[in-house]
Every structure is written in structure tokens, then in C-alpha cells.
Amino acid sequence: MINPKKLFSEKEHEMIKEAVHNAEMHTSGEIATMAVSSSDEYREGIVLSAVILVTILGIMFGIIFRQHTIWFFIPVAFILYFPVYYFCRLYPSVTIIFTHGKRVKNAVQERAVRAFYEKGLYRTSESNGILIFISELEHKTWILGDKGINERISQDEWSTIATTLAKGFQHNRCEALCIAIASCGVILSQHFPAVSHGANELSDDVLFDN
């Protein structure tokens, strides 16, 4: 699994930081970005993945050795289960393949909400901070705003940007994120115009898990 801190080079970190700074010049809203390696351990997905893979392997061994009885399959499955289970834990990208899309989506959204509060992003004076959240394992993103944001801007607007970011993230992470930041800045400026005395309340740097 990719370390989220290695998703961007040092130069790209500066580009992202500059993109946040430029976007916030036109709005009193605050933009934060965060990247995590995964949003959940998906323990039930590991078990399901192991069972499916063991079943497939058991059938393949049965065909190879021309053994088609349950008495051959059961011991083979038992022997294979634990190494396959360990393999699925070691390579979570395999587990994601066998995990329902809705489960993955919910996990990313819930992790983004938790990060919003863990990182203290709700502490802006006007409750007008947003978080652009990136979860590498799932290749998904989510954007959520504080209560001041949600009173004026619908989640659908953020979801559109998040979907575009997720697609662009597969090609050029830094460019896609900078475009998403700029798009968020445009929306924020329409509802929360800049004030001359406004202070920068949230870090412009990409946030990570502790």
C-alpha cells in the first residue's frame, strides 16, 4: 500500500499549498486537504476475499488432480485458507476487489467525517471550512463542509468536484487536486467572499494520519 506522504513530491506539495493559498484569496472560506492510505481495514472483506479465493483454488486443484469429491475439497480448502487470508491482509487491494462498492463509499465518507473533527477543521470562526479528502486504497475522494458551508452550498456541488478529482487522480494526482482546489475556491467565493482582515485559520499543507 502506498504511503500517503509519498503521493506527492516536495515540489508538488508546494504547488498544492500555493493552489490552496490562491483559492482562499477570493473567499473567507477555508480549504484543507488530506490524504490517507485507506479508510478502513475491511476485516469482513478480508474473510470474504479469502473464502472466494480458496474456493477458486480448491476447484482448480480438483481439476488438476482430477478429484471432484467434497472429501478432497474440504482439507485442501482448510490448508489454503490461512495463507490466503494472510495474503489478503498483506495486499488490501485484493480485498477491495471483493468488497461491495457501497461499503467502500460509506467507509470513505465516514473516515472523512472523522478526519474533519480529528484535525480540528470545525474550529473556524465562521464554520466555513471544507475538507478535500483522498483515500488512496479505494481510489476515492470526498469533500465535506462545516455547518456554515452546508447552510448555503449543497453536497451535490462538492460531490461533482470529488468525482472529477477521483478520475483525474488516476492520471496526474497533483494537477487533479489543484484543479479541485480551484473549483472549490470558485464556489466558496460566491457564498463567502473574501474579507480584507480575514486570517488563515487552517493549514494550506496536505494533512496526513498521525
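The exercises that follow treat pairs of charged side chains.

The model is predicted, so local features need pLDDT of at least 70 and side-chain atom pairs count only at pLDDT 80 or more, while totals for chains, interfaces and linings use all residues. Residues are numbered from 1 along each chain as its sequence is written, and side-chain values use heavy atoms, with hydrogens and water left out.

**Exercise 1.** Determine how Arg 103 and Asp 40 are placed in the chain and how accessible each one is.

Solution. A salt bridge requires a side-chain nitrogen of Lys or Arg within 4 Å of a carboxyl oxygen of Asp or Glu, and the count by this rule is eight. Arg 103 and Asp 40 form one, with their closest N and O atoms 3.3 Å apart. Arg 103 belongs to helix 5 (residues 101-118), whereas Asp 40 sits in the loop between strand 1 (30-36) and helix 2 (43-64), so that 63 residues separate the two; helices (H or I, at least four residues) and strands (E, at least two) are DSSP runs, numbered from the N terminus. With buried meaning under 20% relative accessible area, exposed over 50% and partly exposed in between (1.4 Å probe, protein chains only), Arg 103 at 26% is partly exposed, and Asp 40 at 30% is partly exposed.

**Exercise 2.** Is Arg 111 buried or exposed, and which parts of the chain does its pair with Asp 209 tie together?

Solution. Asp 209 and Arg 111 meet in a salt bridge at 2.5 Å, N to O. Because Asp 209 lies in the segment after strand 4 (206-207) and Arg 111 in helix 5, the pair ties together parts 98 residues apart in sequence. Arg 111 is buried, at 5% relative accessible area, whereas Asp 209 is partly exposed at 31%. Finally, Arg 111 and Asp 209 are linked with Arg 114 and Glu 118 in a network of salt bridges.
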